[in-house]
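This briefing describes the architecture of a single protein chain for use in computational work. Please consult the sequence and the three-dimensional structure shown below while reading.

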Amino acid sequence: LFRSLVDSWNTNAPRGSVVSAGDILLAINDGGASSAALESILADPPVTMRLSLQHPTIWHAKVFKNNRPLGVTVAGPEATTQRWCLGLVITAVSEGVISDHADEQKQPLRPRARIVSVNGVRTQQKMLQQLKTMEYLDVKIIDWPS
């Protein structure tokens, strides 16, 4: 039900109001956005709903490693039991090619951001392999405002 409502909304939504993967639901009809609140509202949906969403910032770091560290530490797939976990979670930021690129582009890079693809690969194990073995990296990163 919810997916069809979102698809219907997105078909006619004003620019900037489309619901996308990675959006965080903050509130429904000015109420809470807990799982219980969402379940309760969707069990008997009102005629109209107002969703408050937080959209992520999405950017790419296109870099050559040149025998330098990446500048990020990530939590691999073994670090989470949440199947819905999107990408690799950045757990620490230090000196390196990805963090330097972020600084140059004036993109905030902080722990909790997520790497969602590396060279077009999206599965956690394959992204880790790309980060370890490839010289050129096209890393797609998403983060949400604080």
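The points that follow are grouped by topic, from the overall fold to individual residues.

The model is predicted. Its chain contains four helices and seven strands, arranged along the sequence in the pattern α-β-α-β-β-β-β-α-β-α-β. Of the 146 residues of the chain, 36% count as buried. Among contacts with a separation of 6 or more, 65% are between residues 24 or more positions apart.

- Five strands form an open sheet in the order 3-7-6-5-4, and their pairing is antiparallel.
- Strand 3 (57-64) and strand 4 are the edge strands, each of which pairs on one side only.
- On average, neighbouring strands of this sheet are turned by 40° against each other, with direction ignored.
- Strand 6 and strand 7 run antiparallel and are joined by four bridges.
- Within this pair, Val 118 has Val 139 in strand 7 as its bridge partner, and Arg 114 stands opposite Ile 142 in strand 7.
- Two bridges connect strand 5 to strand 6, and these strands also run antiparallel.
- On that side of strand 6, Ile 115 is the residue that Leu 88 stands opposite.
- Strand 6 is mostly covered, since five of its five residues are buried.

**Helix 4**

- Helix 4 spans residues 124-133, and its buried residues are Gln 124, Met 127, Leu 128, Gln 130 and Leu 131.
- These residues lie on the same side of helix 4 because they cover an arc of only 160° around the axis.
- The face turned away from the buried side of helix 4 carries the exposed residues Gln 125, Lys 126, Lys 132 and Thr 133.
- The cover over the buried residues of helix 4 includes strand 4 (72-75), strand 5 (88-93), strand 6 (114-118) and strand 7 (136-143).

**Helices against the sheet**

- Helix 3 (residues 97-104) lies across strand 3, strand 4, strand 5 and strand 7, and it runs at about 120° to strand 3.
- Helix 4 packs on the sheet, where it touches strand 4, strand 5, strand 6 and strand 7.
- The direction of helix 4 makes about 80° with that of strand 6.

**Helix 3**

- Six of the eight residues of helix 3 are buried, so the rest of the structure largely encloses this helix.
- The buried residues are Val 97, Ile 98, Ser 99, Asp 100, His 101 and Ala 102.
- Strand 3, strand 4, strand 5 and strand 7 are included in what covers these buried residues of helix 3.

**The largest pocket**

- The space in the largest pocket amounts to about 400 Å³.
- This pocket is lined by 15 residues, of which Trp 9, Val 19, Met 49, Arg 50 and Leu 51 are the closest to its centre.
- Helix 1 (2-12) and strand 2 (51-54) are the elements that give two or more residues to the lining of the largest pocket.
- Helix 1 supplies the largest share of that lining, namely four residues.

- Arg 122 is located in the loop between strand 6 and helix 4.
- With a relative accessible area of 58%, Arg 122 is above the 50% cut-off and therefore counts as exposed.
- Not counting residues up to four places away in sequence, Arg 122 touches Val 116, Ser 117 and Met 127.
- Arg 122 and Gly 87 are 35 residues apart in sequence, and their C-alpha atoms are 7.1 Å apart in space.

Terms used. Residues numbered from 1 in each chain as written. Predicted model: local features only at pLDDT ≥ 70, side-chain atom pairs only at ≥ 80, totals over all residues. Heavy atoms only, no water. Buried < 20%, exposed > 50% of the residue type's maximum accessible area, 1.4 Å probe, protein only. Arc of directions from axis to C-beta. Contact = heavy atoms within 4.5 Å. Pairing = 2+ DSSP bridges. Axes fitted to C-alpha atoms, helices over the stretch in contact; angles between N-to-C directions. 1 Å grid on protein atoms, 1.4 Å probe; cavity = no way out; pocket = protein on both sides within 12 Å on 5 of 7 lines; lining within 4 Å. Points joined across faces, edges and corners; volume = space filled by probe spheres on them.
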